[in-house]
Amino acid sequence: GGQGGPPSILVPVVLFMALNRWNTFYAADVGLLLAPVPMLLGFFTYKPASVFQAFRDVLAAEQEPPEGEYYEEDDDEEAEEEVVAAK
């Protein structure tokens, strides 16, 4: 429904609210004024990185042999060694 949109939109809003409260109440006491640009860059670079990681995991899973399937490559090498040894 219409409860503020998806959580991915809600996170930057909460971050801006926290940044505003920090700069209003605590920045003068601590001596640290927060800027919104680094915070937003960090948040929005996290999203593409997580998508890239999921894509990489899917590609790695496609290259693995299916579970329960047996490849006889090792047996072929052993058979060739036996033939060479028999000569």
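A residue is called buried when its relative accessible area is under 20%, and exposed when that figure is over 50%, with partly exposed in between. Keep that in mind for the model on the screen, which is a predicted one. By that rule, buried residues make up 6% of the 87 residues in the protein chain. The chain exposes about 7700 Å², and carbon and sulfur atoms supply 62% of that area.

Next, the secondary structure. The protein chain has 4 helices and 0 strands. Read from the N terminus on, the order is α-α-α-α.

Now the confidence. The average pLDDT of the protein chain is 78, and 66% of the residues score at least 70. Which element has the lowest mean pLDDT, and which the highest? The lowest belongs to helix α4, residues 73-86, with a mean of 54. The highest belongs to helix α2, residues 27-30, with a mean of 94.

On to the aromatic rings. To describe a pair of them, you give the distance of the centres and the angle of the planes. The count for this model is 3 aromatic pairs. In one of them, Trp 22 and Tyr 26, the ring centres are 5.6 Å apart and the planes stand at 40 degrees. Why is this pair called tilted? Planes under 30 degrees apart would count as stacked and over 60 as edge-to-face, so at 40 degrees the pair of Trp 22 and Tyr 26 is tilted. Phe 25 and Tyr 26 make an edge-to-face pair, with 6.5 Å from centre to centre and 65 degrees between the planes. Together, Trp 22, Phe 25 and Tyr 26 form one aromatic cluster.

Are these residues buried, exposed or in between? Trp 22 has a relative accessibility of 25%, so Trp 22 counts as partly exposed. Tyr 26, at 45%, is partly exposed. Phe 25 is also partly exposed, at 49%.

Last, the surface. Ile 9, Leu 10, Val 13, Val 14 and Met 17 form a nonpolar patch there, and together they have about 460 Å² of accessible area. One of them, Met 17, sits in helix α1, residues 7-25. Is Met 17 buried or exposed? The cut-off for exposed is over 50%, and Met 17 has a relative accessible area of 53%, so Met 17 is exposed.

Notes:
Residues numbered from 1 in each chain as written. Predicted model: local features only at pLDDT ≥ 70, side-chain atom pairs only at ≥ 80, totals over all residues. Heavy atoms only, no water. Helix = DSSP H or I, 4+ residues; strand = E, 2+ residues; numbered from the N terminus. Buried < 20%, exposed > 50% of the residue type's maximum accessible area, 1.4 Å probe, protein only. Areas by Shrake-Rupley, 256 points an atom, 1.4 Å probe, with all protein chains shown as cover. pLDDT = per-residue confidence, 0-100. Phe/Tyr/Trp six-rings, centres within 6.5 Å; stacked < 30°, edge-to-face > 60°. Patch = residues over 30% accessible without salt bridge, like charges linked within 9 Å, V, L, I, M, F, W, Y side chains within 5 Å. Salt bridge = Lys/Arg side-chain N within 4 Å of Asp/Glu carboxyl O.
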